[in-house]
Amino acid sequence: IRMAKIYTAMGLMSGTSLDGIDVSIIKSDGNKEYTSIIDKYFEYDSKLIQKVLKIRDKITSSEGLKRYLEEIRVIEREITIFHAKAVNETLKISNSDIDLIGFHGQTIFHDSTKKISKQLGDGKLLSQLTKKKVVYNFRQNDLENGGQGAPLTPIFHNVISNKINKKFNLGFPINILNIGGIANITATADWKNLWQIDKIYAHDIGPGNCLIDEWVRKNSKEKFDKEGLIARFGKIDKLILNQALENFNFTPHYKRSLDVKDFDIFFAKGLSLENGAATITNFTAKLIAEGMNYFHVKGQPSMYKWLVCGGGRRNEYLLEKIRNNFEEISIEPIDNYEIDGDYIESQAFAFLAIRSLERMPITFPSTTGCKEQITGGVVVNNY
């Protein structure tokens, strides 16, 4: 038996909340072995954030990608240079020598029906600037093969939950709720049962932080609702909330990946900062709870154990409201089990880069809806 090669890989992730870049270095064989070496965060400067927001808002359809091509190129270069600085700085601090970089980029448009997912980030330029092998464009292959192009982290969520189970003996099923800009869930599987890859289920289930962030950004000087304190001081407008929920059609969207553009804060127009935040947070909580529930009814054995990762796990008010939708359920931050919930996605892209390099599958029919398990990620050496 050939011993699997252990790689030292770096993962770069910038989420839809558009605050900056998470950088992680891990050691892994891309299969079951993984240890975290270092995690760092690099905040975007406000000018860069404004530029990305502006271009993201302009692109409402795939035609926009062609129309604003020049503008996209300019900002893509700027984003890539920012990533390169983050890479070089992290390498300096960690004193690590890495084999490759998994580069997610900054999503500005995602539409699985058109098989298009556009992330700002030039893999060739990053490879040139860092003198490292770079893996990028992780979603396209899945889209070409009938998948939704998201979520991509489930295979890594599965590695984490097995690691947690081994150390803390939690027992399966362990479900992971990731609240980033969009919320998604993964039901993980125990490796003891012959590593049942087809038992890992995943779905995007609704907005995560995207609506709350947008409301707070547009109505105050803050970028997000820290710990949910703004919402906590507000009063829920029940009429508006019920109307928004009535107008929202639940089930079909569990079948497809979601983009921040699928949701709108328009329904809260006219409310005060606090009342709007309370109403939107409750709307978000209800959609997340519905998604978790749908999952449960679909025959996932038990849904009582949920580990939360992503920035939304810090929003205490949001978590409270999600819990309120259930009789008995345990939702706790994944950090309780010695895993840093802020860096799971950046670590995941280091892990996915290794799998892409080894041509191992990164998406599965039960996670993205692709026709068969397939690999993804384009590998470049440009130095």
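A residue counts as buried when its relative accessible area is under 20%, as exposed when it is over 50%, and as partly exposed in between (1.4 Å probe, protein chains only). By that rule Phe156 is buried, at 0%. The model described here is predicted: local features need pLDDT of at least 70, side-chain atom pairs count only at pLDDT 80 or more, and totals for chains, interfaces and linings use all residues. Residues are numbered from 1 along each chain as its sequence is written, and side-chain values use heavy atoms, with hydrogens and water left out.

**Aromatic pairs**

- The whole structure holds 8 aromatic pairs; rings of Phe, Tyr and Trp (its six-membered ring) pair if their centres lie within 6.5 Å, and planes under 30 degrees apart count as stacked, over 60 as edge-to-face and the rest as tilted.
- One of them joins Tyr34 and Phe156 edge-to-face, with 5.0 Å centre to centre and 75 degrees between the planes.
- Tyr34 belongs to strand β3 (residues 34-43) and Phe156 to helix α6 (residues 154-168), 122 residues apart; helices (H or I, at least four residues) and strands (E, at least two) are DSSP runs, numbered from the N terminus.
- Tyr34 is buried too, because its relative accessibility is 8%.
- Phe138 and Phe349 also form an edge-to-face pair, at 5.1 Å centre to centre and 70 degrees between the planes.
- Phe138 lies in the loop between β6 (133-136) and α5 (140-144) and Phe349 in helix α12 (residues 344-357), so this pair ties together parts 211 residues apart in sequence.
- Phe138 is buried at 3% relative accessibility, and Phe349 is buried at 2%.
- Phe248, Phe263, Phe267 and Phe283 are linked by ring pairs into a cluster.

**Charges over rings**

- The charged end of Lys163 sits over the ring of Tyr34, 4.5 Å from its centre; the criterion is NZ of Lys or CZ of Arg within 6 Å of the ring centre and within 35 degrees of the ring normal.
- Lys40 lies over the face of Phe42, 5.6 Å from the ring centre.

**Nonpolar cores**

- The largest nonpolar core has 45 residues, and Leu177, Met292 and Ile322 touch the most other members; such a core is a set of buried Ala, Val, Leu, Ile, Met, Phe, Trp, Tyr and Cys residues joined through side-chain atoms within 4.5 Å.
- Elements giving two or more residues to this core include β7 (175-179), β8 (182-187) and α11 (316-323).
- Helix α10 gives the most to this core, with 10 residues.
- A second, separate core has 34 residues, among them Ile38, Val52, Ile59 and Ile79.
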